[in-house]
Amino acid sequence: QLHVVESGGGLVQPGGSLRLSCAVSGFNPDYYFIGWFRQAPGKEREGVACIPSNDYSPNYADSVWGRFTISTNNAKNTFYLEMNSLKPEDTAVYYCAVMGPTIRVVTMCLGAHEYNYWGQGTQVTVSS
C-alpha cells in the first residue's frame, strides 16, 4: 500500500528558508509522479511544484518561481521542497501528493485532480 508522509513545516520569518520532506513507500517510482501543493485558509488548493517525466524540467507555480526547488534522492523515495526567500503569502498547509501508476509521458503536473495519493499536510507559517 502506498504511503505519503510530509515533514519539515514550521514557523519562519519573512526572507527565511525551510525544507519540506516527503517520504513515499509502497510504490515503483518509475510509474509515479510527485507534486507539492498548498492550501491557505479560504483559498483553493494550489499546485506549487512537481516532477514530470524524465527529460522534462520540473514545473513551478509562477508565485514560487526562482524561490522554491523540488528535488529527490537517488532512490526516488524521498522528495524535497526547498523554500527560500519566504513571504507571508507562502503561509499555508503544504501537501505532498503522488500521481499514478501511469505509463504515459507527463509534461505538465500541477493539476491537483490528477493526484490520487495525498499526505496529511504540514503547516508552514511565514511571519515576523
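Author: A salt bridge is a side-chain nitrogen of Lys or Arg within 4 Å of a carboxyl oxygen of Asp or Glu. By that rule the structure holds four salt bridges. The structure is a predicted model, in which local features need pLDDT of at least 70 and side-chain atom pairs count only at pLDDT 80 or more, while totals for chains, interfaces and linings use all residues. Residues are numbered from 1 along each chain as its sequence is written, and side-chain values use heavy atoms, with hydrogens and water left out.

Reader: What makes the contact of E46 and R38 a salt bridge?

Author: The N to O distance between these side chains is 2.8 Å; the limit is 4 Å, so the pair qualifies. In general terms, side chains of opposite charge can pair when their charged atoms come close.

Reader: Which salt bridges does D90 form?

Author: D90 forms one with R38, where the closest N and O atoms are 2.9 Å apart. That pair links distant parts of the chain, 52 residues apart: D90 is in the loop between β8 and β9, and R38 is in strand β4. Strands such as these are DSSP runs of E with at least two residues, helices are runs of H or I with at least four, and both are numbered from the N terminus. D90 itself has a relative accessible area of 0%, so it is buried. D90 also forms a salt bridge with R67, with 2.8 Å between the closest N and O atoms. Here too distant parts of the chain are linked, since R67 lies in the loop between β6 (59-60) and β7, 23 residues from D90.

Reader: What makes R38, E46, R67 and D90 one network?

Author: Their salt bridges share partners, and this joins the four residues. R67 has a relative accessible area of 10%, so it is buried. Apart from neighbours within four places in sequence, R67 is in contact (heavy atoms within 4.5 Å) with several residues, including E82, M83 and D90.

Reader: How do you know that F37 and W118 form an aromatic pair, and of which kind?

Author: Rings of Phe, Tyr and Trp (its six-membered ring) pair if their centres lie within 6.5 Å; planes under 30 degrees apart count as stacked, over 60 as edge-to-face and the rest as tilted. By this rule there are six aromatic pairs. For F37 and W118 the centres are 5.0 Å apart and the planes stand at 55°, and the pair is tilted. F37 belongs to strand β4 (residues 33-39) and W118 to strand β10 (residues 117-118), 81 residues apart. The relative accessible area of F37 is 0%, so F37 is buried, whereas W118, with 28%, is partly exposed.

Reader: What makes R45 a charge over the ring of Y95?

Author: A charge sits over a ring if NZ of Lys or CZ of Arg is within 6 Å of the ring centre and within 35 degrees of the ring normal. The charged end of R45 sits over the Y95 ring, 4.0 Å from its centre. R45 also lies over the face of W118, at 4.6 Å from the ring centre. Both distances fall within the 6 Å limit.

Technical notes
Buried < 20%, exposed > 50% of the residue type's maximum accessible area, 1.4 Å probe, protein only.
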